[in-house]
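Dear colleague,

I am passing on the structure below, together with some notes on its strands and on one residue of a helix. Please look through it before reading on.

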Amino acid sequence: MLPTLIARTAPAYIKTAAALIIGDEILTGKTLDRNSHYFAQYCFELGIDLKRVEVIPDDENDIIEASRRLVNKYDLVVTSGGIGPTHDDITYASIAKSFHRPLAYHTETLARMDARPSAVAHRTEEQRTAQKRMALFPEGAEVLFVAGDLWVPVVRVQGKLCIFPGIPSLFQKMLDGLKPYLSLPPPDARPRRVQVFTSFPESFIAPYLTHLQARVRAEGIRIGSYPVLQRGVYVSLIGINHERVASIAVEVERELQGKVVREGAKGSNLGQASDQRDS
């Protein structure tokens, strides 16, 4: 059974998010999913709590079930993949069914599609119909042209589910362009991440970090540890109170004989630092 949609009062700004990655090619290992990683960075930078990432096949029932469930639970949901012209690109149609909407061609999208410099002038009717499928959206959805040089829009359903292409360069550009259309958390609600590198092994620092996390949990500060094989550990401190996070970082430096290596809200910092240490 599909979950019942429960009406919820919209928050003043987006607090939680989920990503729904759609595609058999992801599940079979043919394609590497870069979009959920970029979305995780995006959410962290903007102060949105990314709660869930799901990867599902190009299957109508799976898309219907997952889209309804995630929209019912989170403030922002993005989908990636399944909006091309071929038979297995079924995201628009499946989401239309999920929210009991008919499909309708979007006139402006069709016009932008045909105005492309790369548009093929002489096509068969079958080819034309296949291309037009990329402008067949759930009726009543918001159609947001978030990048002036792209004809592909972000289609938003139920005010919170945003449908994106799966191509990483398009996904990233369009996600960045979506910011003006989102009710984002204010700057003072966005977290700070500080990282301390220590050469001690993880087993050596584990008792201290366990006690530290218990001590600061009530303040909403999260402690994480990320070992680099035979080199040491990155200790990550995340919290909304920037001054408090900085003061704890000083303590961690002292207790673990470590050093703050990178600071900032970019979610990529930790991964980049770890990758560099492993190379």
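In what order do the 6 strands of the open sheet stand? The order is β2-β1-β3-β8-β7-β6, with mixed pairing, where strands are DSSP runs (E, at least two residues; helices are H or I, at least four) numbered from the N terminus, and two of them pair if DSSP finds at least two bridges between them. Because β2 (49-56) and β6 (142-144) at the edges each have a single partner strand, one side of each is left without a neighbour in the sheet.

This is a predicted model, in which local features need pLDDT of at least 70 and side-chain atom pairs count only at pLDDT 80 or more, while totals for chains, interfaces and linings use all residues. Residues are numbered from 1 along each chain as its sequence is written, and side-chain values use heavy atoms, leaving out hydrogens and water.

Strand β3 (residues 76-80) runs parallel to β1 (residues 16-22), joined to it by 5 bridges, and also pairs in the parallel sense with β8 (residues 161-164), over 4 bridges. Threonine 79 is the bridge partner of leucine 20 and stands opposite isoleucine 163 in β8. Leu76, Val78 and Ser80 point one way from β3, and Val77 and Thr79 the other way, yet all are buried (under 20% relative accessible area, with exposed over 50% and partly exposed in between; 1.4 Å probe, protein chains only).

On the other hand, β7 (residues 154-157) and β8 run antiparallel, joined by 3 bridges, and arginine 156 stands opposite cysteine 162.

Finally, serine 36 lies in helix α2 (residues 35-46) and counts as buried because its relative accessibility is 13%.

Best regards
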